[in-house]
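This report looks at aromatic rings, charges placed over rings, and disulfide bonding. Please keep the sequence and the structure in view while reading.

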Amino acid sequence: IRPDDFYANSGFDLRHQINVNALFQLPFGRGHRVGGGMNGVADAILGGWQLSGIYRWNTGLPTNAPIDDARWATNWQVQSFGVLTRPLEPCVTKSPTPKLFGCDTKGAYQSFRNPYPGESGMRNIFRLPGYVGLDMGLNKSFNLGGNENRRLEVRWEAFNVTNTQRFGARDTSRSGYGIAVDPAVRNLNPPSNWSNFTGIQGAPRVMQIGARFTF
């Protein structure tokens with residue numbers, strides 16, 4: 001009996017997270033700090049704008065060691081995760097190829113061995129890159145006159161304002177993040193796509209403009 005096997009952080013453990021929502025009335029137009037005495041036309045154009053924003057930052061999700069090369073260490077057709085033979089931390093690089101272990105890919109690859117019979121391997125021992133995102137919007141509501149219920153609202157919204165792109169999805173093929181044939185024992189070189197990232201978290205910057213007429 002091995003009660004500590006697979007004891008690790010949960011797969012959805014976000015250790016640290018910050019969320020901020022904000023709404024700010026821009027100080028322009030009649031009755032405001034800037035342009036308090038402007039005429040009606042100028043106020044209709046420059047006054048009454050609101051700026052909104054949603055900011056999120058969190059540390060990365062846990063991820064497992066690569067799987068073994070079909071040794072069935074615990075059960076038939078149930079593969080185990082690899083086992084580290086020395087301390088190892090992710091080192092994310094962006095070029096020439098985005099990798100989870102980019103600083104020393106060969107050294108990282110050769111840090112794993114296949115599990116021994118009965119070993120389930122090492123679960124959720126690494127952390128993927130964290131996430132950061134800022135969404136913002138600028139909006140104004142125009143009173144069309146004659147009836148206070150007749151209003152036109154215009155909005156300009158941008159998602160991922162800073163266009164920050166953190167890596168997330170990885171190559172999950174056998175060569176991408178699977179152990180070929182016990183690299184720590186056989187002193188093997190990693191495949192070219194080992195620990196490669198294949199996608200980002202979230203999406204690149206997107207902007208949209210909208211209008212709503214209420215009556």
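## Aromatic pairs

Two rings of Phe, Tyr or Trp, with the six-membered ring used for Trp, are said to pair if their centres lie within 6.5 Å, and planes under 30 degrees apart count as stacked. In this structure, which is a predicted model, there are ten aromatic pairs. One of them brings together Phe 167 and Phe 197, whose ring centres are 5.1 Å apart and whose planes meet at 15 degrees, so the pair is stacked.

This pair links distant parts of the chain, since Phe 167 belongs to the loop between strand E8 (151-159) and helix H3 (174-177), whereas Phe 197, 30 residues apart from it, belongs to the loop between helix H4 (183-186) and strand E9 (206-214). Both Phe 167 and Phe 197 are buried.

## A cluster, and charges over rings

Phe 101, Tyr 109, Phe 112, Phe 126, Tyr 177 and Trp 194 together make up one aromatic cluster.

Charged side chains also meet rings: the charged end of Arg 113 sits over the ring of Tyr 116, 3.7 Å from its centre, and Lys 140 lies over the face of Phe 142, with 4.8 Å to the ring centre.

## The disulfide

A disulfide is a covalent bond between the sulfur atoms of two cysteines. The whole structure contains one disulfide, which joins Cys 91 to Cys 103 with an S to S distance of 1.6 Å. Cys 91 and Cys 103 are twelve residues apart, and each is in the loop between strand E4 (83-84) and helix H2 (105-109).

Cys 91 is partly exposed, having a relative accessible area of 26%, while Cys 103 is exposed, with a relative accessible area of 55%.

Note on methods. Residues are numbered from 1 along each chain as its sequence is written. This is a predicted model: local features need pLDDT of at least 70, side-chain atom pairs count only at pLDDT 80 or more; totals for chains, interfaces and linings use all residues. Side-chain values use heavy atoms; hydrogens and water are left out. Rings of Phe, Tyr and Trp (its six-membered ring) pair if their centres lie within 6.5 Å; planes under 30 degrees apart count as stacked, over 60 as edge-to-face and the rest as tilted. Helices (H or I, at least four residues) and strands (E, at least two) are DSSP runs, numbered from the N terminus. Buried means under 20% relative accessible area, exposed over 50%, partly exposed in between (1.4 Å probe, protein chains only). A charge sits over a ring if NZ of Lys or CZ of Arg is within 6 Å of the ring centre and within 35 degrees of the ring normal. A disulfide is a pair of cysteine sulfur atoms within 2.5 Å.
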